[in-house]
Amino acid sequence: MGDPRVRPLLDELAVEYDTRYGNLFGRGAAAEELNRYPAGEFAGPGGALLIVRENGQSVAGGAFRRHGPQTAEFKRIWTHSAHRRRGLARFVLAELEALAARRGYRQVYLTTGPRQPEAKHLYLSTGYAAQFDLSADPETIGALAFTKDLPAQTATRGHLAPVRGPGMGDI
């Protein structure tokens with residue numbers, strides 16, 4: 001997570017969290033959330049980090065870590081604000097799912113915040129099952145959890161080749 005190619009996305013994500021949530025979760029909650037997990041939890045083979053770059057700039061990305069023996073937890077799925085509405089989040093999600101399946105995971109678990117309706121819609125529209133009452137006010141729920149079963153492992157790799165960073169998993 002300390003790779004310089006990841007930094008622009010995490011920095012913008014922190015601003016986005018602070019803007020959307022203010023002090024809802026307490027002062028400094030965005031930084032706390034972004035630093036909650038050690039970088040090693042996202043290293044292979046149990047974890048992975050994917051960055052989409054365009055013209056030398058990081059424009060989207062996401063990561064996963066082990067959540068259980070057969071469950072990957074997706075984190076930090078993000079598209080830079082200047083590159084939204086291009087399908088990059090769907091692309092990242094699909095690539096993370098394929099990689100997690102190849103790594104032997106059978107299910108994905110993820111959460112998003114109550115003030116991120118775009119993320120909620122993305123997950124619902126890509127086959128994730130809400131683990132909360134969809135008719136309830138999201139503000140009363142807190143973190144919105146989703147799960148999705150992954151297809152059986154395939155023999156083919158996706159069309160992305162991993163790039164290894166120093167001390168990092170797949171990037």
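Two strands count as paired if DSSP finds at least two bridges between them, where strands (E, at least two residues) and helices (H or I, at least four) are DSSP runs numbered from the N terminus. In these terms Q107 stands opposite D149 in strand 6, and strand 4 (residues 107–112) pairs with strand 6 (residues 144–149) in the antiparallel sense over six bridges.

The structure is a predicted model, in which local features need pLDDT of at least 70 and side-chain atom pairs count only at pLDDT 80 or more, while totals for chains, interfaces and linings use all residues. Residues are numbered from 1 along each chain as its sequence is written, and side-chain values use heavy atoms, with hydrogens and water left out.

Turning to the helices, helix 3 (residues 88–102) and helix 4 (residues 117–125) pack at an angle of about 50°, their axes 11 Å apart. Axes are lines fitted to C-alpha atoms, for helices over the stretch in contact, and angles run from 0 to 180 degrees between N-to-C directions. In this packing A89, R90 and L93 of helix 3 meet L122, Y123 and S125 of helix 4, contact meaning heavy atoms within 4.5 Å.

Confidence is given by pLDDT, the predictor's confidence in each residue, from 0 to 100; its mean for the protein is 84, and 82% of the residues reach 70 or more. Over residues 155–171, however, pLDDT stays under 50. Where pLDDT is low, the predicted coordinates should not be read in detail.
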